[in-house]
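Me: I am new to this structure and would like a close look at a single part of it. Could you take me through the stretch that a database record marks as a domain, and then show me how the surroundings fit in?

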There are 2 protein chains.
Amino acid sequence: MSKYLHMQMYDVVKQAGIAESTWQGAVENHDAVSEEFDGVRFFRITKKIGTLGKGTVITEEGIIFGFPSIARILHLENGVRNAYTHPFYVEEKVDGYNVRIVRIQGRILVFSRGAYVCPFSTDRIADFLEIEKIFDDIPGLIVCGEFAGPDNPYNIEHPPYVKEDVGFFAFDLMMINQSHNIPVDERYKIFDHYRIPTAKRFGQFSVSDVSGLKKIVKELDESGCEGIVMKPTYPAEKTLKYVTLGSCLRDINVTAPLMTEMASEFFTHRIIRAAMFIHEQMQELQPEVFSQLGKVLLRPIYENIAKAVRNEVIDEKFLLRFREERNIQRMIEHLRKCKVKFEVISKNKRGNYWHVMFARKCYATYEILQKHLQGATHVD
Amino acid sequence: MSKYLHMQMYDVVKQAGIAESTWQGAVENHDAVSEEFDGVRFFRITKKIGTLGKGTVITEEGIIFGFPSIARILHLENGVRNAYTHPFYVEEKVDGYNVRIVRIQGRILVFSRGAYVCPFSTDRIADFLEIEKIFDDIPGLIVCGEFAGPDNPYNIEHPPYVKEDVGFFAFDLMMINQSHNIPVDERYKIFDHYRIPTAKRFGQFSVSDVSGLKKIVKELDESGCEGIVMKPTYPAEKTLKYVTLGSCLRDINVTAPLMTEMASEFFTHRIIRAAMFIHEQMQELQPEVFSQLGKVLLRPIYENIAKAVRNEVIDEKFLLRFREERNIQRMIEHLRKCKVKFEVISKNKRGNYWHVMFARKCYATYEILQKHLQGATHVD
């Protein structure tokens, strides 16, 4: 990046109260990483710098603040009672990957939570939003939401109602240079006015409606959905998330194939969440759930052992549909930059879309299981 | 410890090739901790110092080397093929706690793996061995074995054939000042001559006897035993351990009550071992095992949630039988020193033994579950 551009970026960062020496230090330490997509230059914040959290994007047109982490509760009733004295909105928690959509220098860009431009999501966003009109009317808007569906690059799970490809589900709006989001009722008006598809909205609740909330959670669990997000009407109160038993089991099922290389907490945290959910929402521990839990933990790793015996490298296939062919190469470069090991299996034009099949190669799991199978010894 | 004693101890350590400055540094860093039991002074090695591994004990009469870690295999057939070109002995792996028994300054002491004197084991060892006679005949002998049974201070699991109290099962012999053990056939002669109770011995095997080994493992699994240890006849070859599916499931069952405070790897490692065992020993993944695995993971933590709801602090009770009353107080002090939180529930003389009931108090688990139940939020 030229000296001139570098200074221009600092002019943006300065507004967040960051000293020039702090910014220079951050760039040198790679806490702020220079990136470029389709001619748009930006910095990706990889580690908190003053008020700029991880995941923040610095562009010439302003700061796109990181999407905030949402606090989790494991007991719905008491969590809600602790958190809210005012009414709160309830929405479905959609199981996909989180994005922020912006228009910078005339280009629509879809940023991942890690502040990368996702070429796949950027390619596809026009399928879901009247995107230029929204940004013409509200310059500086940031549309936050979830890409979700069986055919996506990042998330194996998906909501039951997206049967193929991906969908987009907005759930938040921010403005450039502002770290807070737009209040829920105003947000909903914009969603409705522009017919922006959103996560399912269950409306306003108060602490006295816990039984209504529990009913929603039960229905979401039965239909295979992830859970709920609760959003305050009173700005000082917290946003909270709460997930279903089924979501815990599905998380385990899709992650257990890589149990040897994953952080083990992934599994125990979900078992504890499951136990808390059953205790509060079901009162009784049914034997079926033992069988379900054992199956999602054991079968995937057992099947990968069987694959390793046959010398089949373990992989996870995913299909992506692109509107523009050039975005395929951009996606390949993006995955490489993110250190994903993968192969492109096939690429075909079908109707208006390029269908590209990828296979993520899970070499680490394969190699660990091979060692075990070959009779390697270890001291634990 | 007096300067004189300190120097006397260094004279012992010196024989292991440790420089005086290294020893002094280790003492200052608490890598060698000064201890005393029943008038016998010793150092407990808490961190490797040159050739002195963790768990080594330095006494005025010499060095009791740490009991070596045994390498684990997850595939029996290939593990054995890799490790052995010569015959090897097979013994039952007894699920208890590892001890080294010595006579120092005329006193019989039973050391734990962590190089503490265990007052309970020291109190009880005379029930199992003609201890004075053995040490009269073979001065400097170290008898290594397992205390195992339902009523012990450290290990919740126990072999199925010890129905109450504890038993002692020798499996190794070492000599003071020597880091290696006595060859297996010589060891067995001493065990037999002194009628020392031992872990079950299955005799000599060779790599061509894998089917015989598998049969033993199957029988041990069916009878609720932990597994096998394989010991080389050729000194350069390794000692190996291999555990049963049932042992993995029981390990999980007794540890899952404390899932919130345990290292999560405890659980995933055993799930992977279970999958490897099933793949090699059973060929087929039966649905019963899903239900068994789910139950041992979920039920204990669910039950502790229910206890926390009733404000019952979670505890683990254990009964210890002592021959001498003064060893009860010593055991209490030992547990305190090891930072175990516990209460003494009852103390009664029954026949020749003092029966003392302890309760280990699991405050950490209780407090974490209480927080979850109270609706605490966390960001993960």
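Reply: In UniProt, an unreviewed entry places the feature "domain: RNA ligase" at residues 87-243 of chain A; UniProt positions follow the numbering used here, feature names are shortened, and annotations may be inferred rather than shown by experiment. The model is predicted, with local features needing pLDDT of at least 70 and side-chain atom pairs counting only at pLDDT 80 or more, while totals for chains, interfaces and linings use all residues. Residues are numbered from 1 along each chain as its sequence is written, chains are lettered from A and ligands numbered from 1 in the order in which they are written, and side-chain values use heavy atoms, leaving out hydrogens and water.

Helices (H or I, at least four residues) and strands (E, at least two) are DSSP runs, numbered from the N terminus.

Let's look at one pair of strands. Strand 9 (residues 141-148) of chain A pairs with strand 10 of chain A in the antiparallel sense, over eight bridges; two strands pair if DSSP finds at least two bridges between them. Within this pairing, A:Cys144 stands opposite A:Asp172 in strand 10 of chain A. Strand 10 (residues 167-175) of chain A is largely enclosed by the rest of the structure, because eight of its nine residues are buried. Buried means under 20% relative accessible area, exposed over 50%, and partly exposed in between, using a 1.4 Å probe and protein chains only.

Now for the wider chain. Chain A is divided into domain 1 (3-60), domain 2 (71-243), domain 3 (246-309) and domain 4 (315-361), with bounds that come from an automatic or database domain assignment. The centres of domain 2 and domain 4 of chain A, taken over C-alpha atoms, are 26 Å apart. Their contact takes 16 residues from domain 2 of chain A and 16 residues from domain 4 of chain A, where contact means heavy atoms within 4.5 Å.

UniProt also lists, in an unreviewed entry, "domain: RNA ligase Pab1020 C-terminal" at residues 254-375 of chain A. Over residues 254-375, chain A is 54% helix and 21% strand, with its end C-alpha atoms 27 Å apart.

There is also a second copy to meet. Chain A can be laid on chain B with an RMSD of 0.1 Å by a turn of 180° and a shift of 0.1 Å along the axis, which is the relation of a two-fold axis. The superposition is by least squares on the C-alpha atoms of residues with pLDDT of at least 70 in both copies. Because 100% of the interface residues of chain A are also interface residues in chain B, the copies meet through the same surface.

B:Glu324 sits in the loop between strand 14 (315-322) and helix 11 (326-337) of chain B, and its relative accessibility of 37% makes B:Glu324 partly exposed. Leaving aside neighbours within four places in sequence, B:Glu324 is in contact with B:Asp123 and B:Trp354. B:His355, in strand 16 (residues 353-361) of chain B, is buried, with a relative accessible area of 11%. Not counting residues up to four places away in sequence, B:His355 touches several residues, including B:Leu319 and B:Asn348.
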